[in-house]
Amino acid sequence: MTLGGKTAVITGSNSGIGLGVAWELARAGANVVLNSFTDSDEDHALAAEIAKETGVEARYIRADMSKGDDCRQLIESAGACDILVNNAGIQHVAAIDEFPPEKWDAIIAINLSSAFHTTAAALPKMRAAGWGRVVNIASAHGLTASPYKSAYVSAKHGIVGMTKTVALETAEEPITVNAICPGYVLTPLVEKQIPATMEEYNMSREDVVRNVLLARQPSKEFATVEQLGGTCVFLCSDAAAQITGTTISVDGGWTAL
Ligand code: NAD
């Protein structure tokens, strides 16, 4: 087990990419801490299922990533934090002059500021352990823009910038800091965008998927949560020890266009 003995904290991991990353890190031997803001029986059951299937320790800790104190408390409550995956994120789509200010604030808080707070709290633990990995789940929207996603694109460009900055601050230490930039992955976050688009353009689900969502994804296939998890495991491996301050796109060719 390549990551045996390490503890990974994955923010926003009761669903989608975060949950997929937690499974792959657990399969690679890392103990995992799941998180969301809900604290439901299902959340704790997910952790129990990962522990049962993979044999690692898996826990769920409630913390609201829109609140700085909660972000820092999550890392404290986790105990060890060798691997930090900043994944929690939300989306809202609207023209900038119609963008609700509270949605802007929530997206910046959850998709960007949370990573500031968790990283600040986790680095001293990584330094004490003599090893650390920070993996930020950014987006193709961290490298390029789309209309009507001003808050999301701003937050994702911001997290790419923070990735580079923290990588430079830790460059001489056994700690790496990188961002993964997924294209479209079929998770609840994306699923929620389909019905409104079908209605707006009077399109079938298939047309929305191929001609709207995957219009800019040359492979015409969604990336999978397992592929995102595998990329994360690679960034935590010894082979990736000199990879820091960069982005890895998992986007079917989107950013090559
Ligand atoms: P998702 O909706 O399935 O999961 C989002 C996760 O964030 C959930 O676990 C949710 O509980 C958590 N979350 C939301 N608000 C929170 C809060 N206040 N506190 C704690 N947790 C909170 O979405 P996803 O598609 O899996 O997205 C995960 C990340 O991947 C996001 O940062 C998203 O921007 C990024 N991403 C997704 C795609 C895609 O196509 N799905 C593409 C690029 C990047």
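How many nonpolar, polar and charged residues does the shell around the ligand have? By class, 16 are nonpolar, 13 are polar and two are charged; here Ala, Val, Leu, Ile, Met, Phe, Trp, Tyr, Cys and Pro count as nonpolar, Asp, Glu, Lys and Arg as charged, and the others, Gly among them, as polar. The model is predicted: local features need pLDDT of at least 70, side-chain atom pairs count only at pLDDT 80 or more, and totals for chains, interfaces and linings use all residues. Residues are numbered from 1 along each chain as its sequence is written, and side-chain values use heavy atoms, with hydrogens and water left out.

**Ligand surroundings**

- The ligand is surrounded by 31 residues, each with a heavy atom within 4 Å of it.
- Asn14, Ser15, Tyr152, Val185 and Thr187 are the closest.
- At least two shell residues each come from helix H1 (16-27), strand S2 (31-36), helix H5 (150-169) and helix H6 (188-191); helices (H or I, at least four residues) and strands (E, at least two) are DSSP runs, numbered from the N terminus.
- H6 gives the largest share, three residues.
- Domain 1 (7-185 + 223-256) and domain 2 (186-221) both contribute to the shell, so the ligand lies between them; the bounds come from an automatic or database domain assignment.

**Polar contacts and burial**

- A ligand oxygen is 2.6 Å from a side-chain N or O atom of Ser15, where a polar contact is a pair of N or O atoms within 3.5 Å.
- Ligand oxygen atoms also lie 3.0 Å from a polar backbone atom of Gly12 and 2.7 Å from one of Val185.
- Alone, the ligand exposes 830 Å², and the protein buries 94% of that (Shrake-Rupley method, 1.4 Å probe).

**Backbone**

- Most residues other than glycine have a negative phi.
- Tyr148, in the loop between strand S5 (132-137) and H5, has a positive phi near 70°.
- Lys220, in the loop between helix H8 (205-212) and helix H9 (225-235), has a positive phi near 60°.

How values were computed:
Polar contact = N/O pair within 3.5 Å; in protein donor to acceptor, adjacent residues only side chain to side chain.
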